[in-house]
Amino acid sequence: MLATVVTITAKVFSFYFAWLVARTNTPLRQIITPIMLIVLTLPNLFFVLSWALLGQPQVGLVNQFIALFTGQPSTLVDTSTFGGIVFVAFLKSVSFGYFLLLGPFRALSHKLDEAAAVSGAGRFRTFWTINVPIMAPALGAALIMGFIVQLEAFEAPLILGTNDNVQVISTAIYDYLNDDFPPKYAEASGLAIIVLLILLVLLLVQRLVQRRRSYETIEGKSGADLVWDLGSWRFVGTALFVVYAALALVLPVLQVVISSLQPFAGATSGYSFANYGALFANPRTIGALANTAQLAVLAGLAVMLIGLLITFVARHARRSVGVFISQSTWLPFSMPGTAMALGILWVILSYPFTRGLYGTFAAMFIALVIVAMPLAMRNLEPAVMQVSPDLEEAAWISGRSKLRAFLDVVARLIIPSFLSGWLLCGIVVGGNLVMPLMVGSPLLDTVTRMTYDMYSAGKSPMAAALSCVFLLGIGVVYLVGIALRAVILKILARSASRTVLSAKSFESVEDGAAIVQLGDDQLVLAGGMDQNRPYETSNRKDDGNA
């Protein structure tokens, strides 16, 4: 029920915000995408923790604000209920669905809107009879993927649902493995299989729906972008997004910062940095930060390198094999985190030569690499697809192997995307709670595990302080990543004529011939663009006249 309610309500708002950005003249629409990106990349644990503090009866920031007007302690807002879990999950899910729908909305042909207007249809009718049906495949995919994510929901039910005894599949699997001795692996595995069967049915339904009709709207010719003038209604969209931004970003960050300065939860005076001092005086904190940093950097790099290798194999294999490899990388995304952790535990404990990995840094490293694989592939595949195969073929003709050509040509051109993917994967790895709890050991501290332990022990100000340290670290790394990406782009731009193949490296020299710059050498391709003429190649030094 949680997954159904959150998915439907969140995707309505995701659809609306994506439409505002792509098709209307709504004020402040330029900031919607950056704010959605920040909300999406915030680790779930810290997002849920912020709302656990915000929604505390009487002492939460929201209830304290209400008390200013009522003159008495307020318990109106309580996020430690089923409704609270739905609300918090809804805020996070809106940002996820937004990015799934924004691209299809921007690719939607405006000719259909113009045709509807010529036929006399109003804006409202056009939206519901043209835009919504055409967007059905993208909306269906967003609903299914959103439902999958909510089936995996772990942090919100675990932290917010304890007082109200709210159980979902992910927390039930966790309880079977942690609250019982010996762990009930059979029951946990049964729940995991049920989830997988549900997911298979949903994917089958999506494919059947998409086959029933045509949704093609992108043609060879396209008119200018058509922006709808909403008149005075455009301010409604702006106001709605401002409210969403306040609930999903401003209030959570403000609450975590305030809580980190409180001597105890709900205090209205005595603010200080004592929690930070106590935090760094604890040897566990340094160990947790070091372990998290190592996992984020090493696992993030490892998953991007593995993804790059998978992309190379898929790019040069037969089409059917490449599609199978590409689609297989979605499997970790389609499984709940607790089910994935359970499967990894089964593998580790089933074989004598792997049992030594149980509870070790290596086991958690492997688990987090698997978890981050779908994100790494989604960053790499579009970037690699933008590199023309002609560039690799030119390198093959000059004598380079397929792997060497891929590394020298494609890998260099996608360095910015590689760095962005590394950063995002590092954030996902560092903010993951499921794997440290289920695959890791109590002796192997991470920031997420230590934060959860502190909050569970009633030390919410200390947990908030550790959250602030982690989020500050993410911010610093993000800024460094942006600066590094800009420097690399500038270096690549300056050295493109000497070391990098690009589309500008092709210069016409005669009918059907081209020159490709490869370092200090030039490769002449005669008949390279004509299928009736074979490639004739010769190497020559740059004489400065090409």
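Trainee: Before we start, what should I keep in mind about the model?
Mentor: It is a predicted model, where local features need pLDDT of at least 70 and side-chain atom pairs count only at pLDDT 80 or more, while totals for chains, interfaces and linings use all residues. Residues are numbered from 1 along each chain as its sequence is written, and side-chain values use heavy atoms, with hydrogens and water left out.

Trainee: How many helices and strands are there in the protein chain?
Mentor: The protein chain has 23 helices and 4 strands, where helices (H or I, at least four residues) and strands (E, at least two) are DSSP runs, numbered from the N terminus.

Trainee: And how much of the chain is buried?
Mentor: Of the 546 residues in the protein chain, 47% are buried, and buried means under 20% relative accessible area, exposed over 50%, and partly exposed in between (1.4 Å probe, protein chains only).

Trainee: Where is Thr 79?
Mentor: Thr 79 sits in the loop between helix 4 (61-70) and helix 5 (82-107), and this residue is buried, with a relative accessible area of 4%.

Trainee: Which residues does Thr 79 touch?
Mentor: Not counting residues up to four places away in sequence, Thr 79 touches Trp 51, Ala 52, Gly 55, Gly 84, Ile 85, Val 88 and Leu 160, and contact means heavy atoms within 4.5 Å. With Trp 51, a polar atom of the Thr 79 side chain lies 3.0 Å from the backbone oxygen.

Trainee: Switching to helix 3, how do the axes of helix 3 and helix 12 cross?
Mentor: The axes of helix 3 and helix 12 (residues 234-261) come within 9 Å and cross at roughly 75°; axes are lines fitted to C-alpha atoms, for helices over the stretch in contact, and angles run from 0 to 180 degrees between N-to-C directions. Helix 3 and helix 12 are therefore roughly perpendicular to each other, since angles under 35 degrees count as roughly parallel, over 145 as roughly antiparallel, 65 to 115 as roughly perpendicular and the rest as oblique.

Trainee: What kinds of residues make the contact of helix 3 with helix 12?
Mentor: They divide into 9 nonpolar, 3 polar and no charged, where Ala, Val, Leu, Ile, Met, Phe, Trp, Tyr, Cys and Pro count as nonpolar, Asp, Glu, Lys and Arg as charged, and the others, Gly among them, as polar. On the helix 3 side, Trp 51 is one of the residues in this contact.

Trainee: How do helix 3 and helix 22 cross?
Mentor: The axes of helix 3 (residues 44-54) and helix 22 (residues 447-456) come within 11 Å and cross at roughly 20°, which makes helix 3 roughly parallel to helix 22. The residues in contact include Ala 52 of helix 3 and Tyr 455 of helix 22.

Trainee: Last topic, what about Gly 287?
Mentor: Gly 287 lies in helix 14 and is partly exposed, with a relative accessible area of 29%.

Terms used. Polar contact = N/O pair within 3.5 Å; in protein donor to acceptor, adjacent residues only side chain to side chain.
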